[in-house]
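I opened a new notebook page for this one.

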Amino acid sequence: MRIADLGTEGITLAQKADSAERAALARRFGVAAVGRMSFEAQIRPAGDGWRVSGLARARVTQPCVVTLVDIAQEIEEPFSRLFLPGVEPAGIGDIAPNEDEDPPEPLGTRLDPAEMASEAVALAIDPYPRAPGARFEGVGGAPAEEEETAGEKKKPFSALAALRERMERDEDK
């Protein structure tokens, strides 16, 4: 959207991604498929600048990290960004983790709510999707829950300790 075309009241818009756009988003997000992607956004005046806020919705399909079976994730993610003239782009050190809102961004000649919605969806995608009931089989094929012996959890370096003991026994022979 060109800033010059927004008028004084701003606008409200809604868009849906077509099949070619969804295929490009799947490649960009690193997922098997984007089944649907849409957003609603409002662009409103905010002081000397503009605020873009909205809601992004998507359905992404990606393989389970345990079984590799494709599973779908429904995403509904709000987004809000403030654009002000004369603001320098924020560096990583300028963003405090306890702030409720990101710092303002520089206002250019255009705003891209579709890109903002895409970024919101990308950040909401589960990086380690797991199919319902999928269990990780621990070291040696035993389920992680069965690695407990006599009520004690197996220590993380017990395999290394056993190897060291075996190597020491071999050296003594």
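This is a predicted model: local features need pLDDT of at least 70, side-chain atom pairs count only at pLDDT 80 or more; totals for chains, interfaces and linings use all residues.

**Entry 1**

I started with M167, which is partly exposed because its relative accessible area is 47%; my scale calls a residue buried under 20%, exposed over 50% and partly exposed in between, with a 1.4 Å probe and protein chains only. M167 sits in helix α3. Helices here are DSSP runs of H or I with at least four residues, strands are runs of E with at least two, and both are numbered from the N terminus.

Residues are numbered from 1 along each chain as its sequence is written, and side-chain values use heavy atoms, with hydrogens and water left out.

Areas are Shrake-Rupley with a 1.4 Å probe, and for residues only the protein chains shown count as cover. For patches I took residues with over 30% relative accessible area and no salt bridge, joining nonpolar side chains (Val, Leu, Ile, Met, Phe, Trp, Tyr) within 5 Å and like charges within 9 Å.

**Entry 2: the negative patch**

I found E165, E168, D170, E171 and D172 forming a negative surface patch. Asp and Glu count as negative, Lys and Arg as positive, and His and the chain ends are not counted. A charge is placed at NZ of Lys, CZ of Arg, CG of Asp or CD of Glu. E168 belongs to helix α3, residues 158-172, and counts as partly exposed because its relative accessibility is 41%.

**Entry 3: salt bridges**

How many salt bridges are there? I get eight, with a side-chain nitrogen of Lys or Arg within 4 Å of a carboxyl oxygen of Asp or Glu as the rule.

I checked E115 with R28 and got 2.6 Å from N to O. This pair links distant parts of the chain, helix α2 (residues 113-124) for E115 and helix α1 (residues 19-29) for R28, 87 residues apart. E115 is partly exposed at 27%, and so is R28 at 45%.

Next came E74 and R59, whose closest N and O atoms are 2.3 Å apart. E74 is in strand β4 (residues 70-84) and R59 in strand β3 (residues 49-63), 15 residues apart. I have E74 as partly exposed at 44% and R59 as partly exposed at 34%. Both also turn up with R36 in a network of salt bridges.

Then I looked at R81 and E105, where the bridge is 2.4 Å, N to O. R81 lies in strand β4 and E105 in strand β5 (residues 105-106), so the pair ties together parts 24 residues apart in sequence. Is R81 buried or exposed? R81 is buried at 18%, whereas E105 is partly exposed at 23%.

**Entry 4: the whole chain**

I noted three helices and five strands, in the order β-α-β-β-β-β-α-α from the N terminus. Of the 173 residues, 26% count as buried. The chain exposes about 11900 Å², with 52% of that from carbon and sulfur atoms. Among contacts (heavy atoms within 4.5 Å) with a separation of 6 or more, 59% join residues 24 or more positions apart.
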